[in-house]
Amino acid sequence: TGIDFNHEDFKNEDGSTRVLYYWDHSLPFDAALTPTKYGYGQQWDSTHINAGTCLSLDNNAHGTTVSGAGSGNGRAADKHAGAAPNSDIIIVETNFSLANWTLTVADAVDFIFSMADTLGKPAVVNASVGDYLGSHNQKSPLILS
């Protein structure tokens, strides 16, 4: 569901964002903002976020909560830091209504690792998304991987 990048736990000491990239699958194609490789959604970088021109924001707190557990630095309450409080953050806001939704999740993972590679940084992905479709017998390749 994205992230509330205005939350203090996702800011540096100087008030700038720790969110390096934000790709929102729920927004329509925009020639200037849609990642060419994928052809859908809109993407911003930290420059846009710091300038206040990023149009996306977590609308139900799920993404913000999950991001806090992973990357929150505890600045908001001076406690409750996440597992990697000094990490940079790349967010992808999914859209469950897209055709072939599961393929968009694969695109999101590819996007995150591609951006991290560009920056020369390692990446860890928490894909806190899912559905109740597919195998329920513990033999699915997705379950075994």
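Reply: Let us begin with a term. A residue is called buried when its relative accessible area is under 20%, and exposed when that area is over 50%. The model before us is predicted. By that cut-off, 37% of the 145 residues of the protein count as buried.

Me: Which residues of helix 3 are buried?

Reply: In helix 3, the buried residues are Trp101, Thr104, Val105, Ala108, Phe111, Ile112, Met115 and Ala116. Viewed down the helix axis, the buried residues fall within an arc of 120 degrees, so they line one face of helix 3. On the other side of this helix, Thr102, Leu103, Asp117 and Thr118 are exposed.

Me: How many helices and strands does the protein have, and in what pattern do they follow along the sequence?

Reply: The protein has four helices and three strands. Read along the sequence, they give the pattern β-β-α-α-β-α-α.

Me: How should I read the pairing of the strands?

Reply: Strand 1 (residues 19-24) runs parallel to strand 3 (residues 89-93), with five bridges between them. With strand 2 (residues 42-45), strand 1 pairs in the antiparallel sense over four bridges. Tyr21 illustrates both pairings: Asp45 stands opposite Tyr21 in strand 2, while Ile90 is the bridge partner of Tyr21 in strand 3. Asp24, in turn, stands opposite Glu93 of strand 3.

Me: Are the two faces of strand 3 covered or exposed?

Reply: The general idea is that side chains in a regular strand alternate between the two faces of the sheet. In strand 3, Ile89, Ile91 and Glu93 lie on one side and Ile90 and Val92 on the other, and all are buried. Strand 1 is likewise mostly covered, with six of its six residues buried.

Me: What volume does the largest pocket have, and which residues are closest to its centre?

Reply: The volume of the largest pocket is about 840 Å³. Its lining comprises 35 residues, of which Ile90, Ile112, Val124, Val125 and Asn126 are the closest to the centre. Two or more lining residues come from each of helix 2 (62-71), strand 3 and helix 3 (101-119). Helix 3 gives the most, with seven residues. By class, the lining has 19 nonpolar, 13 polar and three charged residues.

Me: Finally, how should I read the backbone angle phi?

Reply: Most residues other than glycine have a negative phi. Ala61 is not a glycine, yet its phi is positive, at about 80 degrees. Ala61 is found in the loop between helix 1 (46-51) and helix 2. His80 also has a positive phi, near 65 degrees, and its place is in the loop between helix 2 and strand 3.

Me: Why does Ala61 count as partly exposed, and why does His80 count as exposed?

Reply: The cut-offs given at the start decide both cases. Ala61 has a relative accessibility of 39%, and therefore counts as partly exposed. His80 counts as exposed because its relative accessibility is 61%.

Definitions and conventions. Residues are numbered from 1 along each chain as its sequence is written. This is a predicted model: local features need pLDDT of at least 70, side-chain atom pairs count only at pLDDT 80 or more; totals for chains, interfaces and linings use all residues. Side-chain values use heavy atoms; hydrogens and water are left out. Buried means under 20% relative accessible area, exposed over 50%, partly exposed in between (1.4 Å probe, protein chains only). Two strands pair if DSSP finds at least two bridges between them. On a 1 Å grid over the protein atoms alone, a cavity is a set of points where a 1.4 Å probe fits but cannot get out, and a pocket is an open set with protein on both sides within 12 Å along at least five of seven lines; lining residues have an atom within 4 Å of a point. Grid points are joined across faces, edges and corners, and a volume is the space filled by probe spheres set on the points. Ala, Val, Leu, Ile, Met, Phe, Trp, Tyr, Cys and Pro count as nonpolar, Asp, Glu, Lys and Arg as charged, and the others, Gly among them, as polar. The arc is that of the directions from the helix axis to the C-beta atoms.
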